[in-house]
Amino acid sequence: MNDAVMERDRLDCRMVNTAKRDGDTGSMGETLSLSCYDVFKSYSAKGGLVLHGVSLEIDEGDSVALIGANGSGKSTLLKSLVGLHPVDKGKVRVLGRELQDGRLEQDVRRQIGFVFQNHGLVQRLSALSNVIHGRLGFPGSWRAWHQSIAPEHWRQEALEALEAVGLGHRAAARADQLSGGQAQRVAIARALVRKPKLMIADEPAASLDPKTGMDVMETFASIAARSGTTLIYTTHDMAHALRFAKRIVALKSGRVALDVASANLTEQELQRFFHEA
Amino acid sequence: MRHDTPTLAGPTSITPPARFAGASALQFALLIGVGALVLSSIYQVAPSPERLVTGAPRMANLLGRMMPPATDSTFLLRIVGQLIETFQIAIAGTFIGIALSLPIAWLSARGVTPVPAFSFLFKGLVSFFRTVPDLVWALVFVATVGLGAVAGTMTIIADTIGFCGRFFCESMEDADKKPQEALSATGANRLAILFSAIIPDTLPSLINAGLFALEKAVRASVVLGLVGAGGIGQELQVAFDLFQYQKASTIIIVIFVVVLAMEVLTNALRKRVG
């Protein structure tokens, strides 16, 4: 048996068996932030399955990095878990509420903060307006269309969120005048104004240079840790996975291939896993 | 000492584009058909050299009778009144037209509309408004609401919906999708996405299209009077009907100045939009 196979077997032994549990408590009695059981997902009848019976439980306050090669299904899983891509089959519970027809109810969605790879800021609006957009979906949300019509306390909270990501001084700057790293921080601030219990991020540092990416992840993870927010993010960067997540879940061909505490892994082991994937 | 003589590269695998090998029978027939259409049109309706030669002295005579332009104060005062009405037709028609174009464009824009199954209906409506010429709309509205400025305003509204409805729709379809997806993930509804992401993103092109519509409306509103739909055009028609060519020349000069001023103004405004 060669080294690579032995290594894989060693990693596989660490896999967490996510057997189905009742309600919203994990096996150790902890509260679950998110859980899914036997989730299947395909985008078309011809395209085949993207997710193939994925089961996962994520505790409240946990931080999880979803890793895997391109096409492994990690982004699809992330989006399916919060109802952005309805699942074909399986059971998903988010913050104690089950997805109905693959969709998340609005009051649950309000407790989730989203950060995307390409920040998704409205380029011609100020950083402040973009952060206030985080309030969309809340009651009276038409006042979140633009900072000039937002209630004073929303503006204040948005400024505080910008301060938290180190960009209070850029509140008036238009999004198209910000650097890539600054734009991603504004996107994080937009998620923060929702005071989320769960933060979801799809490759938040993928479009940034290594140093900026590390800074953004540092900001992101430390804010989540301070507020006790559950954090789930996808990444291709092994260093980001190991440094900012307590737990690493790896997908291979739409299946969970590895589910392990990050403290038990080295970057080399993860790299090797990737090369075999 | 022996030097290798550089040689041309040998045959390559690159295939050059084919040379023109002559038209096929179908292409040749089409070419003949199009040529015949153009030539017959020119022969039947284009001015012949003889007509140009005989028409030139008449044109000179008309221009002579137009000079000098009428400048009596009563007439000029009336022209100013008609000019204000023309502007009112253009401004009211463009404003209402733009206000109606925005929701119609939103409902018809692919990937943006909240009613994707019915978007074709709104697209069809915009096409209908656009394909009917403004003078035809003016005739229709004069027949339905009577002579005067109201018919003119309704004509400009219809014309603006046809123009702005299409441009607004295309701008919305081309708007950056990433912010829309990000806001949709937060639970924002379609209306919130329109006002928070799509309109801010497309604002320069919406303003540009709106300014073009205004410029177009000013030009259109000066001729709407020719079919009785109010404005300065009505005065021009009366001047020609009564052979008051000096008054007609004043009106033409005023129209020229106004349209030119509007073009300069909208061009300056467009440059400021960024």
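Predicted model: local features only at pLDDT ≥ 70, side-chain atom pairs only at ≥ 80, totals over all residues.
Reader: How confident is the predictor in chain B and in the complex?

Author: Chain B has an average pLDDT of 87, and 95% of its residues score at least 70. For the complex, the predictor gives an ipTM of 0.80 and a pTM of 0.78.

Reader: What makes β1 and β4 of chain A a pair?

Author: Pairing asks for at least two bridges between two strands. Strand β1 (residues 32-42) and strand β4 (residues 89-94) of chain A share 5 bridges, so they count as paired, in the antiparallel sense.

Reader: Why are β2 and β5 of chain A said to stand at the edges?

Author: Happy to walk through that one! The open sheet has 4 strands in the order β2-β1-β4-β5 (chain A), with antiparallel pairing. β2 (49-59) and β5 (97-98) of chain A each have a single partner strand, so one side of each has no neighbour in the sheet. Helix α2 (residues 74-81) of chain A lies across β1, β2 and β4 of chain A, at about 60° to β2(A).

Reader: Why is strand β7 of chain A called mostly covered?

Author: A residue is buried when its relative accessible area is under 20%. In β7 (residues 198-202) of chain A, 5 of its 5 residues are buried. Both faces of β7(A) are covered: L198(A), I200(A) and D202(A) are buried on one side, and M199(A) and A201(A) on the other.

Reader: Which strands does β7(A) pair with, and in which sense?

Author: Strand β6 (residues 112-115) of chain A is joined to β7(A) by 4 bridges, and the two run parallel. Here G113(A) has M199(A) as its bridge partner. Strand β8 (residues 230-234) of chain A is joined to β7(A) by 5 bridges, again running parallel. A201(A) stands opposite Y233(A) of β8(A). From β7(A), the chain passes through helix α7 (residues 210-227) of chain A to reach β8(A), in a right-handed β-α-β crossover.

Reader: Which residues make the contact between α2(B) and α10(B)?

Author: From α2(B) come L62(B), R65(B) and M66(B). On the α10(B) side are Y245(B), Q246(B), A248(B), S249(B) and I252(B).

Conventions
Residues numbered from 1 in each chain as written. Chains lettered and ligands numbered in written order. Heavy atoms only, no water. Contact = heavy atoms within 4.5 Å. Axes fitted to C-alpha atoms, helices over the stretch in contact; angles between N-to-C directions. pLDDT = per-residue confidence, 0-100. Buried < 20%, exposed > 50% of the residue type's maximum accessible area, 1.4 Å probe, protein only. Right-handed = clockwise from strand over helix to strand, strands pointing away.
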